[in-house]
Protein chains: 4
Amino acid sequence: MQVFREVELEGHIIDSGIMTKVFDKIMDKGGNFEIIVFDVGKRKTDPSYARLRINADDDQQLAGILSEIHRYGAHLLEEKDVTVLPAEGNRIVPAGFYSSTHHPTSVRYHGRLIPVQHIKMDCLIVVDPLAMEARCTPLSKLKKGDLVVVGEEGVQVIPPERPRQVSNFEFMHGTVSPERPSETIIAKVAAEMLELKREGGKIALVGGPAIIHTGAAPALAAIIRKGYIDILFAGNALAVHDIEYNLYGTSLGMDLCTGKPVTGGHKNHLSAISEVMRSGSIRKAVEDGVITSGIMYECIRRDIPYVLAGSIRDDGPLPDVITDSMEAQDRMLELIPGCSMVLMVATLLHSVAVGNCLPSYVKTICVDINPSSLTKLMDRGTMHAIGVVSDAGTFLPFLEEQLEIQSREC
Amino acid sequence: MQVFREVELEGHIIDSGIMTKVFDKIMDKGGNFEIIVFDVGKRKTDPSYARLRINADDDQQLAGILSEIHRYGAHLLEEKDVTVLPAEGNRIVPAGFYSSTHHPTSVRYHGRLIPVQHIKMDCLIVVDPLAMEARCTPLSKLKKGDLVVVGEEGVQVIPPERPRQVSNFEFMHGTVSPERPSETIIAKVAAEMLELKREGGKIALVGGPAIIHTGAAPALAAIIRKGYIDILFAGNALAVHDIEYNLYGTSLGMDLCTGKPVTGGHKNHLSAISEVMRSGSIRKAVEDGVITSGIMYECIRRDIPYVLAGSIRDDGPLPDVITDSMEAQDRMLELIPGCSMVLMVATLLHSVAVGNCLPSYVKTICVDINPSSLTKLMDRGTMHAIGVVSDAGTFLPFLEEQLEIQSREC
Amino acid sequence: MQVFREVELEGHIIDSGIMTKVFDKIMDKGGNFEIIVFDVGKRKTDPSYARLRINADDDQQLAGILSEIHRYGAHLLEEKDVTVLPAEGNRIVPAGFYSSTHHPTSVRYHGRLIPVQHIKMDCLIVVDPLAMEARCTPLSKLKKGDLVVVGEEGVQVIPPERPRQVSNFEFMHGTVSPERPSETIIAKVAAEMLELKREGGKIALVGGPAIIHTGAAPALAAIIRKGYIDILFAGNALAVHDIEYNLYGTSLGMDLCTGKPVTGGHKNHLSAISEVMRSGSIRKAVEDGVITSGIMYECIRRDIPYVLAGSIRDDGPLPDVITDSMEAQDRMLELIPGCSMVLMVATLLHSVAVGNCLPSYVKTICVDINPSSLTKLMDRGTMHAIGVVSDAGTFLPFLEEQLEIQSREC
Amino acid sequence: MQVFREVELEGHIIDSGIMTKVFDKIMDKGGNFEIIVFDVGKRKTDPSYARLRINADDDQQLAGILSEIHRYGAHLLEEKDVTVLPAEGNRIVPAGFYSSTHHPTSVRYHGRLIPVQHIKMDCLIVVDPLAMEARCTPLSKLKKGDLVVVGEEGVQVIPPERPRQVSNFEFMHGTVSPERPSETIIAKVAAEMLELKREGGKIALVGGPAIIHTGAAPALAAIIRKGYIDILFAGNALAVHDIEYNLYGTSLGMDLCTGKPVTGGHKNHLSAISEVMRSGSIRKAVEDGVITSGIMYECIRRDIPYVLAGSIRDDGPLPDVITDSMEAQDRMLELIPGCSMVLMVATLLHSVAVGNCLPSYVKTICVDINPSSLTKLMDRGTMHAIGVVSDAGTFLPFLEEQLEIQSREC
């Protein structure tokens with residue numbers, strides 16, 4: 001016994017690949033479709049419109065198909081309200097809960113289309129019936145009684161459409177390869193950063209300790225000093241190594257000017273932490289004149305907010321480190337709104353953490369020496385992502401140089 | 001001054017993603033399009049038909065667009081003959097030569113549509129006007145006076161359409177990740193091999209020396225003995241290590257039963273080559289009773305053709321090795337036609353060489369411990385490719401076990 | 001003006017490579033030496049004794065040399081007490097503090113040689129003058145007034161000597177290569193585990209989520225059920241995926257029996273966490289009959305202690321997760337004493353965390369598909385470490401099989 | 001029944017680690033030793049002398065031990081002549097043949113100590129009794145009747161001793177890590193190259209096609225133009241991409257200034273080869289004014305010898321490519337003598353091929369984005385090797401800059 005529902009899609013559904021994905025999903029799930037209406041935009045600037053009849057063998061299969069294609073913006077013809085159910089307890093989801101994408105989303109509630117706030121993938125959508133608001137809520141924040149959206153009906157996703165003009169940013173869209181012209185790519189990243197800053201955009205940096213080990217700390221400090229970075233996400237290690245380098249010229253005991261370990265250098269790591277302890281915080285240590293340069297110094301001087309998230313392998317940690325991972329995550333979520341670009345350099349852990357929290361329209365640039373780390377980051381569905389297989393120790397100095405050259409040209 | 005041409009596309013152009021790629025390419029190249037006719041197949045089993053008017057700013061831009069979309073099967077409305085020009089000299093191409101894809105292709109010549117033989121990417125198409133035949137010809141084989149197809153006009157490419165039914169093979173289509181259920185994947189590879197052998201298909205194996213180092217030689221030998229492999233592509237090293245293991249139980253001097261180097265084991269490599277020299281060839285060494293088991297032994301016993309291609313890092317090499325790379329390539333090209341599947345294990349060099357010669361409809365399974373090697377292999381446009389991030393030393397024994405279990409079940 | 005000091009070394013200082021390292025360090029630091037006494041053990045079972053006069057250009061260079069060679073067991077001829085200084089504040093080190101190695105260490109205090117407890121690298125040694133005890137203290141635990149050892153004088157390190165008999169374990173000592181006989185290595189790991197369990201040893205497992213993604217959860221669960229694992233160190237992800245697999249047959253929505261994503265499967269992750277929330281803890285969920293198999297189930301059933309350490313990328317997390325990284329570290333440090341082997345599978349973060357806490361005599365086996373991760377783990381100075389470049393999805397099933405076969409043989 | 005032999009060692013056998021390795025090998029092989037004489041150099045500049053009595057259970061074990069320690073320079077007390085046996089046929093070794101190390105070696109023949117020429121590992125040593133010469137002979141060159149050294153007796157190996165002064169070059173001796181200060185390392189490589197050129201040394205470059213893909217061709221061309229490179233080892237691909245870039249600005253069709261593929265760019269590869277064909281050779285194409293810049297251009301202009309070795313994956317190939325791998329190897333072997341440094345950039349195949357042919361005293365610098373490739377290269381026993389985990393596209397421009405800056409300073 002065949003069952004069916006009609007859905008519609010609109011926008012640049014052909015050239016953005018959405019139509020293809022919808023057809024694919026229907027067939028993957030064993031369904032079938034008929035095209036009822038298909039108004040193709042005659043010119044590349046025109047949007048298209050399609051109405052499809054989805055046929056399935058039974059209600060369950062049909063529901064499965066609708067659930068999948070919903071994520072690409074296909075919505076039922078007859079618009080209905082979302083269904084909401086109260087959470088039975090803290091962190092306990094109602095059956096059939098809706099799990100969010102990272103695309104802009106609205107929910108129809110009491111006949112009104114409400115934009116969902118704080119878009120983030122794999123969250124619940126909780127509706128506030130008084131304020132007539134809806135927001136993405138991580139499971140960890142779900143409270144007993146929260147009204148949770150259930151099923152896809154009434155939820156409308158707006159997946160990103162392919163940019164009409166190929167911007168600087170899209171030039172290497174979606175692929176990862178070490179066989180790219182490195183200097184060209186870095187010049188383009190610089191151009192994109194400059195353009196974004198001219199438009200008043202905010203750029204976050206997610207960085208790993210290899211930035212210091214590879215000798216790129218001065219370059220990154222200069223990039224921060226010149227105002228290109230608005231937020232820093234990192235762990236204890238990046239900050240400790242940066243401060244160790246400022247205090248003693250070493251990173252984990254290796255002299256970065258000679259590449260050789262120095263005598264007793266293995267203690268510098270603990271000494272650096274201890275010196276900050278003595279002052280009480282990184283800010284105090286800067287104010288006390290203990291820390292006089294480097295990445296953390298520039299962040300303090302420019303009042304750039306940072307999250308140093310604790311991890312189980314930390315030494316110390318520094319007093320600024322948020323050792324509770326959920327608190328660190330909350331602080332990260334507070335800082336992300338408003339970011340238009342995230343530059344991720346040489347850290348998989350923090351990059352995945354930040355990447356999971358980004359709406360799909362935030363541009364991301366991922367730099368790592370290991371192509372597999374990039375593939376893992378790019379796989380997470382970010383549309384505007386560039387993966388650069390390179391060495392932080394050469395990438396950041398080149399980037400700083402390019403920012404300098406190109407900013408003078410403007 | 002705007003210029004334009006009309007093209008048409010037909011087949012499963014929507015659900016196979018072809019339509020999207022055509023739209024993309026037009027826009028990437030700065031062109032524009034109008035849809036003149038768009039008959040969408042109403043059901044997923046129906047083909048579609050589209051007629052587009054491509055608009056461009058000048059003839060050069062238009063030619064660029066047509067050249068790109070041609071590769072996805074878009075052809076000019078008014079069918080014309082191909083233009084051919086004679087090669088000026090051996091290995092010298094005429095200006096504007098057509099460079100082949102790895103998709104099935106036909107050329108219109110004297111009003112007749114001729115299928116192009118020996119499909120292989122990045123070749124010239126040479127037409128034989130007497131025999132009314134056309135074939136893909138590598139640059140190395142181009143002779144002075146050969147009639148070479150020039151431009152895209154009259155050439156029709158049939159890109160692979162998405163399979164209507166999701167087969168075993170497509171289950172992990174196109175992605176590479178070490179985070180897959182290994183045993184499940186191996187079971188599916190075995191199922192696909194069994195099905196293909198039942199249908200009379202031919203399977204080629206491309207293998208690297210790590211097969212022996214990781215202790216998988218007995219498993220591969222068993223797979224060959226049981227009739228699953230029809231052709232072997234490898235280098236000198238695989239054969240030498242295999243024979244060393246048979247003669248002395250070592251691979252580059254390491255005892256594979258203990259994992260430890262044996263005394264004087266570093267000589268076994270040269271001794272193994274020398275023993276084959278004494279017999280004159282691997283076949284003779286098998287017939288003389290010198291080689292009594294292993295991969296090469298099973299190939300000889302089952303009369304399985306093999307190509308051992310020489311490389312600059314070879315020791316010896318064995319008398320069976322084809323030291324001239326062009327001769328080895330020719331021999332490889334002779335053996336490939338008729339292959340329906342290629343299993344590539346732990347070798348990038350030989351896998352790329354074979355992959356470059358395969359038509360797009362041949363199924364390929366690539367196994368490597370390094371995800372980057374797989375990405376490189378999968379990037380080459382193979383549609384029916386599975387990449388498995390695994391260790392030859394565990395993959396092949398599991399595969400042998402699965403082939404045994406599943407063949408008994410049938 | 002030359003300065004000098006005499007040091008002595010004893011034990012298997014030649015064949016364990018200690019002598020070489022001492023000579024190397026002296027020369028690296030620009031010093032010079034004369035051999036005063038050198039009693040070489042005449043037979044390989046005899047210990048050796050050496051007395052060296054270290055010459056340097058000045059006191060600072062001499063101190064640098066002594067500091068370095070001290071770590072290899074070289075100690076000053078004239079035995080003196082350690083110097084201790086009180087910590088100025090919590091987490092604030094006194095100048096010149098001694099930073100521990102991971103080798104067994106003693107300190108001379110009031111003329112008595114006291115063994116240092118809780119050996120762990122990069123810690124302070126705090127002396128308790130009343131109890132006449134000394135212990136390794138991480139910076140995070142240092143309290144104001146603690147008596148901290150300063151300088152190397154009076155500290156004696158006993159670096160591990162090369163085992164007289166080559167055991168199973170040492171067969172591939174210290175190198176990382178994907179080109180090893182996988183099945184042979186796994187058989188040896190199994191043999192070592194069996195021997196260690198017969199001697200009453202404790203084995204800890206450090207595992208990453210790829211264990212579940214690669215389909216190895218049932219194998220690991222069986223290994224735990226059969227009593228080979230005594231402690232589990234992991235993160236939220238391993239436990240969530242394991243429970244998701246038990247509840248829904250999926251891991252991050254992928255059906256592990258088919259390798260394909262299931263409809264709505266992306267919700268299973270949150271549902272799994274939510275189900276445990278409903279019960280209150282993993283233990284309760286097992287007792288409630290919600291969780292009926294898998295890694296966590298076996299841990300609960302066998303009362304195996306586990307640490308699930310929180311990280312910034314966690315969803316949920318499960319109620320059992322210790323979200324504060326310092327608390328998680330403390331719990332880890334409590335469980336480590338008594339471990340004689342640690343098996344690290346497919347996680348760099350947790351493996352480094354655990355590795356940093358291990359004394360040098362604990363055997364470690366590191367398994368990862370990425371050779372670089374292994375190199376990083378092996379670099380940390382572990383003497384008894386084996387690195388296996390393999391896929392968790394095939395390694396663990398093979399290991400389980402080997403444990404089964406070999407335990408029956410005994 | 002115990003058997004024994006006495007051996008002696010001399011030189012910097014302690015601080016170069018040789019003594020340790022000898023003791024290790026004796027024990028690995030189950031033997032035992034007594035130290036008869038041990039004159040340790042009193043100062044670090046003094047050589048040492050040791051006489052050991054090796055005890056074993058039987059003759060075979062003793063022979064095994066002697067064979068192993070022989071490679072570290074341990075030789076029998078009573079000096080005897082080498083035994084030689086004629087090769088039974090071309091490429092057929094006599095039983096018990098001696099296989100060479102890559103260390104300087106001499107053989108005692110008719111009472112005279114003859115230095116072995118063309119030192120290269122894994123070769124036979126063939127003695128010419130008339131000329132009283134000995135040379136390393138690859139198996140492929142062994143002719144019937146050649147007098148081949150058999151056993152270790154009479155062969156004396158001089159393993160490299162640790163340099164007395166830590167030079168620039170040794171600063172990161174023997175380890176591979178992406179976590180190094182990139183700019184520091186590159187500056188040191190430049191310093192070493194400059195020093196070596198001042199001393200009249202010859203530097204060979206082994207390069208892969210990624211040099212062009214990553215946009216580093218102009219930097220390498222400049223390094224060659226300035227006289228830092230004396231020999232080039234590469235494959236067809238490096239030369240074709242370099243020439244394609246010179247002729248069309250693309251590498252495999254990608255515009256290196258924009259990072260984007262150009263229309264019809266996939267044909268540039270074949271066109272570039274065809275253009276060289278038209279001229280007849282790369283040299284002719286330079287003389288004809290077809291090729292006007294780039295790596296190959298600079299080689300031709302400076303008369304720098306190059307070997308372009310064919311491989312099975314080649315397109316074309318260029319007329320300059322030596323398609324026979326054994327011929328290419330011969331040409332490589334002709335050029336290597338006299339090289340004092342080899343810079344290996346982004347190619348595993350050619351680097352291994354060259355590395356296998358180098359005596360142990362030639363300095364090698366290996367640059368690759370993949371740490372595993374470096375580990376593989378460094379494992380081959382080269383003593384003076386630096387591995388740099390970096391991106392050719394940033395490494396080479398930085399190196400050129402450093403060579404420029406530092407050469408001006410001198």
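His118(B) counts as partly exposed, because it has 17 C-beta neighbours inside 10 Å. His118(B) sits in the loop between β7 (112–117) and β8 (124–128) of chain B. Helices (H or I, at least four residues) and strands (E, at least two) are DSSP runs, numbered from the N terminus. The phi of His118(B) is near 55°, a positive value in a residue other than glycine.

This is a predicted model: local features need pLDDT of at least 70, side-chain atom pairs count only at pLDDT 80 or more, and totals for chains, interfaces and linings use all residues. Residues are numbered from 1 along each chain as its sequence is written, while chains are lettered from A and ligands numbered from 1 in the order in which they are written.

**Backbone exceptions**

Most residues other than glycine have a negative phi, and most peptide bonds are trans. Met132(D) also has a positive phi, near 55°. Its place is the loop between β8 (124–128) and β9 (133–137) of chain D. Met132(D) counts as exposed, because it has 11 C-beta neighbours inside 10 Å.

Two cis peptide bonds follow. Gly316(C) to Pro317(C) is cis, with omega near -15°. Pro317(C) lies in the loop between β16 (306–309) and α10 of chain C. In chain D, the bond from Gly316(D) to Pro317(D) is cis, with omega near -15°. Pro317(D) belongs to the loop between β16 (306–309) and α10 of chain D.

**Buried strands and a helix**

In chain A, strand β16 (residues 306–309) has Tyr306(A) and Leu308(A) pointing one way and Val307(A) and Ala309(A) the other, and all are buried. In a regular strand the side chains alternate between the two faces of the sheet. Strand β13 (residues 231–235) of chain A runs parallel to β16(A), joined by 4 bridges. Strands pair if DSSP finds at least two bridges between them. Leu232(A) has Tyr306(A) as its bridge partner in β16(A).

Strand β19 (residues 385–389) of chain C has 5 of its 5 residues buried, so it is largely enclosed by the rest of the structure. On one side are Ala385(C), Gly387(C) and Val389(C); on the other are Ile386(C) and Val388(C). Strand β18 (residues 363–368) of chain C runs parallel to β19(C), with 5 bridges between them. Val367(C) stands opposite Val388(C).

Helix α10 (residues 325–335) of chain B has Ser325(B), Ala328(B), Gln329(B), Met332(B) and Leu335(B) buried. Seen down the axis of α10(B), these fall within an arc of 125°, so they line one face of the helix. The arc is that of the directions from the helix axis to the C-beta atoms. Their cover includes β13 (231–235), β16 (306–309) and α11 (348–357) of chain B, together with α10 (325–335) of chain D.

**Chain pairs**

A rotation of 180° with 0.0 Å of shift along its axis superposes chain B on chain A, with an RMSD of 0.1 Å. That is the relation of a two-fold axis. Chain C can be laid on chain A by a turn of 180° and a shift of 0.0 Å along the axis, with an RMSD of 0.0 Å. In chain C, the C-alpha nearest the axis is that of Asp324(C), 2.0 Å from it. Copies are superposed by least squares on the C-alpha atoms of residues with pLDDT of at least 70 in both.

The table sets out both contacts. Two residues are in contact if their C-beta atoms, placed from the backbone, lie within 7 Å.

Note on methods. A residue is buried if 20 or more other C-beta atoms lie within 10 Å of its own, exposed if 12 or fewer, and partly exposed in between; C-beta atoms are placed from the backbone.
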